Every structure is written in structure tokens, then in C-alpha cells.
Amino acid sequence: MADNERIPTVIADEAHIVYKIHQAGSVSSSPLASFKRLTTRAKNANIREVHAVKGVSFVAYKGEAIGLIGTNGSGKSTLLRAVAGLLPVSSGAIYAAGQPSLLGVNAALMNELPGDRNVELGCLAMGMSPAEVQAKRDAIIEFSGINDKGDFSSLPMRTYSSGMSARLRFSIAAAKKHDVLLIDEALATGDAKFRKRSEARVRELRQEAGTVFLVSHSEQSIRDTCERCIWLEAGVIRADGPTGEVMKEYEAFSRR
Amino acid sequence: MTETAVASADAGLSLKELARRNGLSASGRLPSLPEYSRTLWAYRHFIRAHASAKITSSLGNTKLGSVWQVLTPMINAGVYYVIFGLVLGGHRDMPNFIAYLCIGVFVFQFTQSVVQTGANAITGNLGLIRALHFPRASLPLSAALVEIRNFIVALFVLMGIVLITGEPITLQWLLLAPLLLLQSIFNLGMGLFMARFGSKVRDVKQLIPFIMRFWLYGSAVLYPVTKFGDVLSGWQLQVVEANPLLVFIELARHALLEEVVLANSPAVLWTEATVWSLVVGITGYLYFWRGEKGYGRG
């Protein structure tokens, strides 16, 4: 490994991820049935374990943009959360350089609060200092474009349309620089105008970041941004290689 | 493509070895205690902002808004005044029973609400935990901070009640400041403990109301503390009187009331309060920190 040295930034080593789901009102919800379950020491039907990722291994290098594809529920988002350290792996390991950041549209904000307060809160939660937050606040609101049609940033977030709040969330998350950037479906949000703006922002972030992972169902945005692709199906890697080849296999699979 | 690349560049290395050689750290690794505390300190602005955001959003759809922060403890005291002052007539042998009662209720409620909101701090914020990176202790701490703020407002209401019932303002009132500090540390520990415990054993949330009611009746809130001495003696009495909430309530009464019979001398009470808050504060923090990486699992 002399001249064209490739520096690994994310390594997954036989990673398994299991998470628990508490669900109410499942199969046996009568008191008698629950009691029977307790006395017979049967498994709790209200807690189900989902084995979302089953033994995934890969090495991601600096400067790569990797697309994660797969049908719905194949474990893509779960894998990203584990790389970000938000979900623990149950066996195996995931190693990463620095602190990978997950840039998603699902970041829960406070719906009762106005947009600008949410911007401040979100930035603080990402570890910015109050001075930084003050400096970036207006730019974030400007980028999200929620004020294009009147002063929406001072209205509670519950009054926003789903597209508007997704845009605001994306804008908050994209305001920070990241070593390893994980993007979950973010490019699919908002109207065409915002999509173009956010794609440009992701390219910028990618130049600053070492490695980018992108989960998307939009074939086009994967082809546009990623040169490498990992195809995940039911928690197992089906293919890992150049985007063109993996895409071809995936398309053949999904047409079946 | 990647398989061959790995093989040629780092021939024969296991993935673990490769990670170690390149200085990658396992994501989901538990940070050391000093490291964790430093990050938590760096997130103090987030904790404060999160706390005040929660206050605003919980009162956001009421008409009176933050007036409720003052109104809630006043109504609370009003209910106890009607029942114990007017209907039941109180303990006639006790000087100023209304003030005695209100102090107990307010001080007890402070810990009670921290325990309740603490148990929800992790389970109620899973969306945030699974989306963003921040030391998880921020959530129970901000929940406790909300209650500390509420209690400070309640303390002013309490002082008003005490004055109305005919107590003079004395220098002893200043003792409320160290008391607030000690009980806050105690509550932070309780909140952190309950946050992890409640996220592991969800069923505990169903039991909290009963545990807290039992604790309320055991803390001499609604009756004179001297009743313990009438029925208990020896080690049993000592165990009952070591109850941390009883200690905090006694100290608050000692600070605000002129004629009050205490279970122990103030010096003993202050020692007990200090020991309790340090033990519970530190234990709660350590217990929560040990679970830091598992909270996202739900």
C-alpha cells in the first residue's frame, strides 16, 4: 500500500443489529392471557425483536460516495443509524473515523415551537455553540426556503406542511461539516427547486467530508452522486461494487 | 471491487486489525467518565434550551401560557387549604398547620415530578435519540431542570403563603438556598436513575404512582412528624426518619417556620441531606452513564 494509499473511514465487521419493538394490543392482550404468559414464562408478545441487519461487512474509504440500495425494510436505514452510533450493534463491530453524522429527514423536533426556535435547538443538539447558532440561524432558514411564502419561521412547526418541515430538518442537519456523512432519503424531499439546492449542498458537504453514504429510492440521485453501491436485501449484502453493475443486478431483481 | 481492493491493499489483515491500524474507533463505544462529563458540559446550552423549549411547548396551547407556572402551585395550595384548613379543621394542637402542610406538599412534589418526568425522558424522546448525537444525559437533566425552575416559582408562592399565615421573615429563610441545591442534586440523581431504569423496565411507569403515594404517606407531609415517635422506637424509628424526602421537608420547615417540632436536630438533618444528595446524585449519574450506548435500542 505505497502510492495510491486508500484510507479506510468506516469498517463494518460482521455487524448484526437487533432492536426491540414494544407494541401494544398485539396477539394476546387480555389480562388473563398476559398472566398466563408470565406464569408459563413464554416470550412477551408485546416486545418483538427485529433482526434488521445480519452480519454485514464492508470497508469504506476516504473520498468515496457509497449508495445503499434495497427494497423497503431491507435494513438500510438501520445500518446507517448503527454506523452513526445511534443504534448499538448486538454482535460484530462497526468502526469509524471521527464521529459520523446522520443527516436524515426524521430528526424529531418540537412541533409546538416555531421554526426558528427549532433551528436553534437542532443546532445546539448537534453540538454548536450559541454564538455559532446565532451566526447560522438566518442562513439555515433562508436555505430551507420556508419564508419564501410569508413569515413561516415564527409559526409553530405543527402548522407546516410535511414538505416544509422536511426541508427545515434537512437544512438544520446540513448546516454542519461532517467527517463521515450519512444521508437518509434526504434528497427526495421538497419540490424540484429545493431538491436542486439540496443536491448542490450535498456535493459541497461531500467535498468537505471524507466519505458519504446515501440511502435513496431515487435511482437517479444514486447514479448522480455515488460511484460505489451496496445492495442490501433482508439484512444481508447481496452485492457490493461499482454503481452501474450493482444497479443492473438490482433492477433485474426488482423486476421479478 | 472492494473485496479485491481490501485484499491487495491490506493483504491478510482482519477487519478489526485494519480498523485498529487506521485509528478508527468502534461506533457505539462507551466514552470514559471524564470524557462523558466534558461532552455533557459542552452541551449545557442544549440542555438549557431544551428545558425552556419544553416549558414553552407544554404551555403553548393554553391561553394563560406561563402564568400557569405560578397558578399551578397556588391552586395546589388552595386545594389543601380547603380540605385541611376549612373542611377537616386541621390539627388544632399544631401551630400554623396550613403552612406546615404546604411546605411538605411543595417539597415532596418537586421530587415526585422529577421522578415521573425522568422515567419518560428516554422513552419519550426515542425519535430525537435515534436521529441526533448528543450525550443522552441531556434529556433527563433538562427534564429535571424544568422541575427545578417550577420549584423555584413554587418557592415564592410558598413564601407568600407562609407570610400570610403569620410567620415573620427571618434570616433562617436563607437556608432555603443550600436546601434547594441539595435537593436539586438529589433529584438530578433520581431523574438520571429513573431515565435508564424506565427505559429498561417499561412496566415501572405503571408502578410509580403507587410508590410515590406510599412515599408521600411515609414522609410526614399530611400529619405531624411527631407521630412517628408515638408508634415507633429504636432502629425502626431511625429508618423511617432517615427517609430523604422527610429530611428535605423537615429542613424546609425549619427554614420557614418559627415554631416547629423537628424529628432530629438541624445539624443531623443537614448531614443526612448532604449524604443523601451526594450518594443519590453520584450513583444516578454513574448508572445512567453505564447505559449510554444502549438507549437508541429502545
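I take buried to mean under 20% relative accessible area. The model I am reading is predicted.

**Arg201(A) and Glu204(A).** I looked up Arg201(A) and found 17% relative accessible area, so by that cut-off Arg201(A) is buried. Its salt-bridge partner is Glu204(A), with the closest N and O atoms 2.9 Å apart. Glu204(A) is partly exposed at 39%. Both residues sit in helix α6 (residues 192-208) of chain A, three residues apart, which means a separation of about one helical turn.

**Other salt bridges.** My search of the whole structure gave nine salt bridges over all chains. I noted one between the side chains of Arg137(A) and Asp138(A), at 3.9 Å from N to O. Arg137(A) is partly exposed at 22%, while Asp138(A) counts as exposed at 52%. Another joins Arg223(A) to Glu251(A) at 3.2 Å. That pair links distant parts of the chain, helix α7 and helix α8 of chain A, 28 residues apart. I also found Glu64(A), Arg228(A) and Asp240(A) joined into one network by salt bridges that share partners.

**Chain A against chain B.** I then turned to the interface, where 49 residues of chain A are in contact with 42 residues of chain B. The buried area is about 4000 Å², and carbon and sulfur atoms give 64% of that. I found zero salt bridges between the two chains and one residue pair in polar contact. On the side of chain A that touches chain B, β1(A) gives the most, with ten residues. By class I logged 33 nonpolar, eight polar and eight charged residues on that side.

β4(A) runs antiparallel to strand β1 (residues 25-26) of chain B, joined by two bridges. I recorded Ser25(B) as the bridge partner of Ala96(A).

Note on methods:
Residues numbered from 1 in each chain as written. Chains lettered and ligands numbered in written order. Predicted model: local features only at pLDDT ≥ 70, side-chain atom pairs only at ≥ 80, totals over all residues. Heavy atoms only, no water. Contact = heavy atoms within 4.5 Å. Buried area = accessible area lost by both parts, 1.4 Å probe. Salt bridge = Lys/Arg side-chain N within 4 Å of Asp/Glu carboxyl O. Polar contact = N/O pair within 3.5 Å; in protein donor to acceptor, adjacent residues only side chain to side chain. Helix = DSSP H or I, 4+ residues; strand = E, 2+ residues; numbered from the N terminus. Nonpolar A, V, L, I, M, F, W, Y, C, P; charged D, E, K, R; others polar. Pairing = 2+ DSSP bridges. Buried < 20%, exposed > 50% of the residue type's maximum accessible area, 1.4 Å probe, protein only.
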